[in-house]
Amino acid sequence: MLSEVEKKEIQEEMKMYPVASAACLSALKIVQEHRGWVSDEGVKAVAGMLNMSNEEVESVATFYSRIYRKPVGRNVILVCDGISCMIMGHENIYEHIKEKLGISYGETTSDDRFTVLPISCLGDCDHAPSLMVNNDHYNELTVEKLEAILSQYK
Amino acid sequence: MAKIKIDGKQFEVEAGKNLLDTCLELGFDIPHFCFHPALGSVGSCRLCAVKKYKDEEDSRGRIVMSCMEPVTDGLIISTHDEEEKTFRAEVVESLMTNHPHDCPVCDEGGECHLQDMTVMTGHNYRQFDFKKRTYQNQELGPFIKHEMNRCIQCYRCVRFYKDYAGGKDLNVFASNNRVYFGRFEDGTLENEFSGNLTEVCPTGVFTDKTAHKHFTRKWDLSNTPSVCTHCSLGCNTLAGERYGTLRRIRNRYHGDINGYFLCDRGRFGYEFVGSDNRIKEIWKQNGNREVVSSESLSEVLSGAFQEGHNMVGIGSPRASLEANYSLLSLVGTDHFYHGVSAHEYELTKMALDFMQNSGIQIPTLKQMETADVVLILGEDLVNTAPRMALAVRQAARHSMNKDAGAKKIPEWTELAVRDNQPVLSTQIYVATPKKDSLDDVIKQPFRGGYSEIAALASSVAALLDKNAPAADSEHKKLASDIAKALQNAENPLIISGVTCGDKEVLQSACNVAQALLNNDKKVMLGMIFPESNSTGLSLFPGKPLADLFASSEKKPVDTLVVLENDLYRRAETGQVNDFLLKCKQVIVLDQLQNETTVKADVVLPAAVFSESEGTLVNNEGRAQRFYKAIPDGENGQARESWLWLNELKEIKENGFEGWSSLDDVFQSMLNELPAFAALKGKFPDEGFRMLGRKIPRESFRYSGRTSIHARESVSESYPPEDFDSPFAFSMEGQQEDPPSSLITSYWSPGWNSVQATNKYLDKPNGDLKGGNPGIRIFPTAAKSKTSYFKLNGSKSNKGTGEWQLFPVYQIFGSEELSAAASSLSERIKEPFLLLHPDDARDAGIDESTAVQVEIKNEKLTLRVNFENSLPRKVAGVSLQLPGMPFVALPGSGKITKM
Amino acid sequence: MEKPLTQHINPKSAPLTFKEYEKAGGYEGVRKALKEMTPAEVTQLMKESNLLGRGGAGFLTGLKWSFVPMDEASKPKYLLCNADEMEPGTFKDRYLLEGNPHQLIAGLIIASYAIQAETAYIFMRWAYKKAEKMINKALAEAYEAGILGKNILGSGFNLDIHLHMSAGRYICGEETALINSLEGRRATPRTKPPFSVVSGLFGQPSVVNNVETLSWASHIVEKGADWFKSLSATGTGGTKLYGVSGRVKKPGLWELPLGTTVREILEEHAGGMAEGYGFRGLLPGGASTDFLVEEHLDIPMDFSTIAKAGSRMGTGTMIILDDKTCPVAFIRNLENFFALESCGWCTPCREGLPWIEKILGAIEEGRGRMEHLEILQRQTKYLAPGHTFCAHAPGAAEPLQSGLKYFYDDFVKHIEQKKCPWR
Ligand SMILES: Cc1cc2nc3c(=O)[nH]c(=O)nc-3n(C[C@H](O)[C@H](O)[C@H](O)COP(=O)(O)O)c2cc1C
Ligand code: SF4
Ligand code: FES
């Protein structure tokens, strides 16, 4: 199931550790990087490559919040609901997203363009409220800024 | 030793253990969930909190988890302080926030550790007023029911299944208060010890699915100590009865053998007793089948019992000593044959002779767990002696403990010890033809045919002692590694068995042991035998089947009596057919219908283990008694074999007055067979009483005693009598502190669950108070009287065009009785041939296709499974799966495409 | 005033390259340690400097290093840099990672040398994408320059540094959970003892230190213990990155002498409360510390003095509770976080926190009852240190127990009015 590129990247990661299974998390992240999420097949493929059982890999995969075991949209919006963002009004931001995209936490737009998820403190507290879209951080958000940000992601 | 103070009282205890363990040993009721004596301490549930005080002056103290607290000199603790009591109650309160409170419909109810702990900690008022968390359950196969909502997240299941038993397909998923214990997807739990989850889980998440079909609460079971009859290890079991049928098999603690755990064959194999194939009537067969009443049995038989007639008996390695003896006594020593092949007969005798005369230590399973270097030759333990595989798996702990010990990490800190050695490095060596269930804990596998295995072992022996017969293995490096490891070992263990069927492997294993003995090294030799009483039968006088077949050519048999034995599993079909034709009258006593009963003139319905009493001798030469759980007469005309044989003897011998009880048979056996002299007076007989009373099978809380029989009579009926054992079929009697071999239930005030077991032990995970049951009957020779076996050298088939075929046992299916158990039978594979894919390709054979395998005179049709781990030109043949005839394995044979 | 840690950081421009940092004298400490000092001397110097760990617990760094067994048989050993930083309200390590990666690398080399570890891992929070880039670039430069790899500066000492990006979970910051996570396993904390310095990553001796802690190492070696001690206002040693977030005029991060008063940080550096907002309280060092209120403002922000006031120094990044934010909602937000981030290993944390969170939700939404307050009080004691397997749940109990103390009336108002007075 894994592509040659994925396999190669996983092998690179395996070199970082004295035991293969230590690369389990990195491997899952690589699969996710390439596919947006980790499917059952993805878990099995990682298990096969690292000589682990499906259960062993799944046990790890489901522990971490940044491994997605369900499909997500092309772009993932992570709205920081940490304490500083809460104080600084993250609720407005979230409400706006809900209204604009018609999705709540955990949901994906019907065109698969966006998934929105809550995320605990992003470490941007002095510039709250914040969110991330895919790998990009956005700070000191206002509703206007948000409009412009979302329009960049197709 | 350490002086410690608990609740103001002084105790002198072993230092270095954990405090919880010590408190339990001292009899304190410290609540706990995640701690299990065999699984160590992990400190997750936080229930075992006690208060620890700095010194005598300290009046405040601080809460510590007793399971994580090492016992040190001067330790002062309390178990009753208000703060700790509140805390413990709060832990249970926490766990109960999400618990479904569904005890009435839960199979664990009444034997639930969570119920016990809830009552013990005093939490009773529910303040949580929010929605409970719920989970979806999984379908886990024929043995185990899953109900995740009852989970209290003690992690015991995965710690047993994964860490203790090496299972891969059960794990913990997700996190925070959504953690989930299950499989990746629905499907059968594959590990061979999955059934223990039902006892390891402190609540009703994993329960016994087979028992659910005819569920009975613990307090309503009538319990009897039994011994597992499904392999040679003799694990102790508890058989639970109600309404005249066997409801459940549970573990019966034995400190030397099974400890807290059974294998799935032993736990779930019991269902064969209710199989449609059970024989429950006396049959006269002559083309058609006629049911005969007990009264007219003599009329059916008498003709063949005249003087001068040649009457022979075939005994059985799965029948008790008493049954075999009754047969021997009926037909006379000269006419008594061991119902096994000449090959098995020879190997068994040879192995036993070595065990008795070499002066070697025959280890208990518990002792095997302490081995630091293990060499397993030819045996696929998990399939031939499952519980032994679990014991050897624990030996892997040895290297972990050693590593941890160097860093002062105590053995009982379960996870710390494991975390400290994430890449397992053990000194366990396995030499078998194919991949083995223990491969994940061994140093190095060796895959070869039996001749290569024997050569490797011989090389090891020769390296250990120059005087050992030299051998020529191509694997010099491995041989020298193994020899070095054994030489430096503190507690080396060699394992082999009659089951693998190869004389050279067996002899070379003995030679390795002998070499160590000759070096004055301490060494343990673990031996596996094919059946539950193979060892016992082998100590009887008598000859193998082949001798009978041969003599019948000259002297036809007038009456053949076959005891609990399907001859078609012992010899080739043609041979048995020919032989049976030569017998004028064939009487077969058995429990299940089989090919032999089909050929019989008279079939006598034999009682199964749960309906009978008797003695079995296990692989370490330990004689153990099992007792009947079901009163007589519940299964039609079925009776214990010794009773049938007694009757035949009465019919045959005018002067014979009959044995009146099992004790009579046993006494008579001891008088006649010196091999069993050690058993004299060792088993409590029928007359055994405690405070003048019998031991009740039923608990004080047994319900419905009168109403059960209300159909027949509204007045309370007199309980059935038991003339053969110290037990009563009722709740009357003396229940407390029975001898260790006569424990009928684990219960103690406050402890209704199986955790009450600890109250019966000298210490958790220790020995039963009063000693572990069973009598070892081999006098181990003080000095070695044995010498090296001379091996014939390898007789490899290379170049002959024939295949080396070896037997592949299956935990589910290869044992005759359990194979008839309905749930277990779902796990039985169809007969197969294991081939290396490259060999298959060379021969043009595809996977999953059927091939014909020719071994001697027998032709088998088998489905091909690929097995990468096999050496080339060596193929495995599944052994004695339902529908398979006897084949002489190991051996050589031809494989042809169909 | 000296600002050793941040002197080269300008968030608006790229961090110094290896060459630039080298030119600025940044690797002098490494030179000195590897060429002139034995590992034991480095550790001793660290001890003398009194550098207390900046990850939250304030453990003496040199002492931690000195517990590592130094015999040959104990190899391999590992140095682990804790750059997980998921404590809500905390953003100080990120500043150092993005702003001056070479400073951290220099520290890693020295720490690894001191304990004779030949492999170091930086365990970094997945969201720190920019830091990831900067560290990777800096590592590549350092290898290129030969300051990493085999036989560094001809000293015979070898070191490889790997960057491991986490997959998200607050508990990964707990040092033994971090180790499990690095091993590719579930990030549940480990049994202690044994401590990681004896049996850590892959069972080998391992030291875990915070980014800020390690960033000091090279400076201390270069300039000495006395210099380091002289930097603080209270004599504890060093400067500290203090941060403020919430409704203040200038939220941000400043390097100040350790022991600067709360008031100075809040009023001078953060500019005081924002227009229209009043001060009600603050968490001094991240979400898992107890509230401080008005009366505590003149306390020096130092480990021991904050502890005396009933809270903890934690990460030194404050979160301000203003008068327009509902304290119940504030605490609920935190407990929601802690409940979610519980690893699920031990009972009080796994079952207790969700109950707390549910009660706080009920109170905030007007469904609260007075008995709920009793349960909350009881739960904070239930989650006390020693009652749980690790410090996560006790940390979670801190803002709740102090919140109940200082804002009890606000809780009662919610219950009496059956609604949140702030809505
Ligand atoms: C729940 C929990 C989360 C933690 N998170 C972090 C963290 O993100 N970063 C950190 O440096 N230390 C964190 N710590 C503290 C570490 O366990 C450890 O004490 C620290 O990394 C040691 O570094 P230091 O000695 O340099 O302070 C956390 C502790 C706990 C209990
Ligand atoms: S307190 Fe317990 S459940 Fe919570 S994070 Fe620590 S170990 Fe896990
Ligand atoms: S038994 Fe001690 S914490 Fe569970």
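The legends below describe close-up views of a predicted model, taking its ligands, its chain interfaces and one chain in turn. Residues are numbered from 1 along each chain as its sequence is written, while chains are lettered from A and ligands numbered from 1 in the order in which they are written. Because the model is predicted, local features need pLDDT of at least 70 and side-chain atom pairs count only at pLDDT 80 or more, whereas totals for chains, interfaces and linings use all residues, and side-chain values use heavy atoms, with hydrogens and water left out.

**View 1. The surroundings of ligand 1.** Ligand 1 is surrounded by 19 residues, a residue being counted as near if one of its heavy atoms lies within 4 Å. The closest of these are C:Gly55, C:Asn82, C:Asn209, C:Asn210 and C:Thr213. Strand E4 of chain C, residues 206-210, contributes three residues, which is the largest share of the shell; helices (H or I, at least four residues) and strands (E, at least two) are DSSP runs numbered from the N terminus. Sorted by class, the shell holds five nonpolar, eight polar and six charged residues, where Ala, Val, Leu, Ile, Met, Phe, Trp, Tyr, Cys and Pro count as nonpolar, Asp, Glu, Lys and Arg as charged, and the others, Gly among them, as polar.

**View 2. Polar atoms around ligand 1.** A polar contact is a pair of N or O atoms within 3.5 Å; within protein, one must be able to donate a hydrogen and the other to accept it, and residues adjacent in sequence count only if both atoms are side-chain atoms. C:Asn209 places a polar side-chain atom 2.9 Å from an oxygen atom of ligand 1, and a polar side-chain atom of C:Lys64 lies 3.0 Å from an oxygen atom of the ligand. With C:Gly173 it is a polar backbone atom that takes part, at 3.3 Å from a nitrogen atom of ligand 1. Taken alone the ligand exposes 610 Å², and the protein buries 89% of that, with accessible areas computed by the Shrake-Rupley method with a 1.4 Å probe and, for residues, only the protein chains shown counting as cover.

**View 3. The surroundings of ligand 2.** The shell around ligand 2 consists of 13 residues, and the closest are C:Ile171, C:Cys343, C:Cys346, C:Cys349 and C:Cys390. By class, nine residues of this shell are nonpolar and four are polar, and no charged residues are found in it.

**View 4. The interface of chain A and chain C.** Here 38 residues of chain A are in contact with 51 residues of chain C, contact meaning heavy atoms within 4.5 Å. The area buried between the two chains is about 3500 Å², and carbon and sulfur atoms give 59% of it; buried area is the accessible area (1.4 Å probe) that two parts lose on being put together, summed over both. In chain A, the residues that lose the most area to chain C are A:Phe63, A:Ile83 and A:Ile87, together 20% of what that side buries. One salt bridge is found across this interface, the term standing for a side-chain nitrogen of Lys or Arg within 4 Å of a carboxyl oxygen of Asp or Glu. The side chains of C:Arg94 and A:Asp124 meet in a salt bridge at 2.1 Å, N to O.

**View 5. The interface of chain B and chain C.** In this pair, 40 residues of chain B are in contact with 40 residues of chain C, and the buried area is about 3300 Å², of which carbon and sulfur atoms give 54%. B:Phe130, B:Asn176 and B:Asp419 lose the most area on the side of chain B, together 19% of what that side buries. Between the two chains there are six salt bridges, and the side chains of B:Glu93 and C:Arg378 meet in a salt bridge at 2.8 Å, N to O.

**View 6. A salt bridge within chain B.** B:Lys209 and B:Glu139 join their side chains in a salt bridge at 2.8 Å, N to O. This pair links distant parts of the chain, 70 residues apart, with B:Lys209 in helix H6 (residues 209-212) and B:Glu139 in the loop between helix H3 (113-121) and strand E6 (144-146).
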